[in-house]
Amino acid sequence: MKLFIDTANVSEIKEAASWGIIDGVTTNPSLIAKEGRDFAQVVKEICAIVDGPVSAEVLSPDAPGMLKEAEPLINIHPNVAVKIPMTLEGLKAVKELSKKGIKTHITLVFSANQALLAAKAGATFISPFVGRLDDVSEYGIGLIEEIVLIYGNYELPTQVLAASIRTPLHVLDCAKIGAHIATVPFNVLKMLAQHPLTDIGIKKFNDDWAKVKK
Ligand code: E4P
């Protein structure tokens with residue numbers, strides 16, 4: 001499973017990329033707003049750090065507006081994937097962009113039927129939001145399972161990019177199910193590397209090593 005980092009914070013991206021585990025980056029308008037920086041500049045900097053897809057979102061309610069917003073983003077770097085909300089107008093925009101070979105990412109997917117339509121329209125990636133479904137007492141990981149099954153049934157090339165990942169268990173479940181990608185916040189990525197027995201083991205080795213005659 002590929003791992004993307006879900007942030008617009010350049011320091012976090014640099015740090016995680018230095019671990020050798022980052023295959024791409026997802027941003028959204030809320031993450032960009034949190035940084036208080038120029039959108040295009042942030043996307044440009046991210047593309048210089050990570051050699052993989054970088055999602056940048058458009059917000060227009062209609063397809064012509066989405067396509068207009070997409071233009072300057074696509075020109076930043078060939079790795080930019082235009083992130084488009086899951087609406088009928090969004091599907092139109094995805095169809096146009098995918099015809100031109102531009103990477104697209106349909107976001108805010110909350111049902112398997114939405115995921116089916118997104119794949120038919122030619123989306124490169126779709127993001128089902130695991131955590132936000134859990135928040136409303138729906139089983140987010142169950143949606144990933146359904147979509148992986150459906151895409152597998154018909155060999156649809158669209159990649160399932162599990163989003164709104166909140167815990168290490170979400171990541172583990174996505175990997176077991178066969179999601180193509182999980183986009184993970186920086187703090188959760190750090191948690192994936194941790195185990196108390198690793199820390200205890202390091203301490204013991206260090207304590208014992210101090211007793212060795214050198
Ligand atoms: C990713 O592309 C999504 O925008 C993001 O994962 C949403 O996560 P949240 O539900 O924690 O805001």
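The lining of the largest pocket is made up of five nonpolar, seven polar and five charged residues, where Ala, Val, Leu, Ile, Met, Phe, Trp, Tyr, Cys and Pro count as nonpolar, Asp, Glu, Lys and Arg as charged, and the others, Gly among them, as polar. The structure is a predicted model, in which local features need pLDDT of at least 70 and side-chain atom pairs count only at pLDDT 80 or more, while totals for chains, interfaces and linings use all residues. Residues are numbered from 1 along each chain as its sequence is written, and side-chain values use heavy atoms, with hydrogens and water left out.

The largest pocket holds about 280 Å³ of space. Of its 17 lining residues, D6, N28, L31, R132 and S164 are the closest to its centre, and helix α2 (residues 29–35) gives the largest share of the lining, three residues. A pocket is an open set of points on a 1 Å grid over the protein atoms alone, where a 1.4 Å probe fits, with protein on both sides within 12 Å along at least five of seven lines, and its lining residues have an atom within 4 Å of a point.

Helix α9 (residues 168–177) has H170, V171 and C174 as its buried residues, buried meaning under 20% relative accessible area and exposed over 50%, with a 1.4 Å probe and protein chains only. Seen down the axis of α9, these buried residues fall within an arc of 100°, so they line one face of the helix; the arc is that of the directions from the helix axis to the C-beta atoms. On the other side of α9, L169 and K176 are exposed. Just after the helix, G178 takes a positive phi of about 100°.

| Covering element | Residues |
|---|---|
| β1 | 2–6 |
| α7 | 130–135 |
| α8 | 140–153 |
| β7 | 159–162 |
| β8 | 181–184 |
| α10 | 186–193 |

Strand β4 (residues 80–85) pairs with β5 in the parallel sense over four bridges, pairing requiring that DSSP finds at least two bridges between the strands. Here I84 stands opposite I106 in β5, and five of the six residues of β5 (residues 104–109) are buried. V82 lies in strand β4 and is buried, with a relative accessible area of 0%. Leaving aside residues up to four places away in sequence, V82 touches A56, V58, A70, I74, L97, I102, K103, T104 and H105, contact meaning heavy atoms within 4.5 Å.

How values were computed: Helix = DSSP H or I, 4+ residues; strand = E, 2+ residues; numbered from the N terminus. Points joined across faces, edges and corners; volume = space filled by probe spheres on them.
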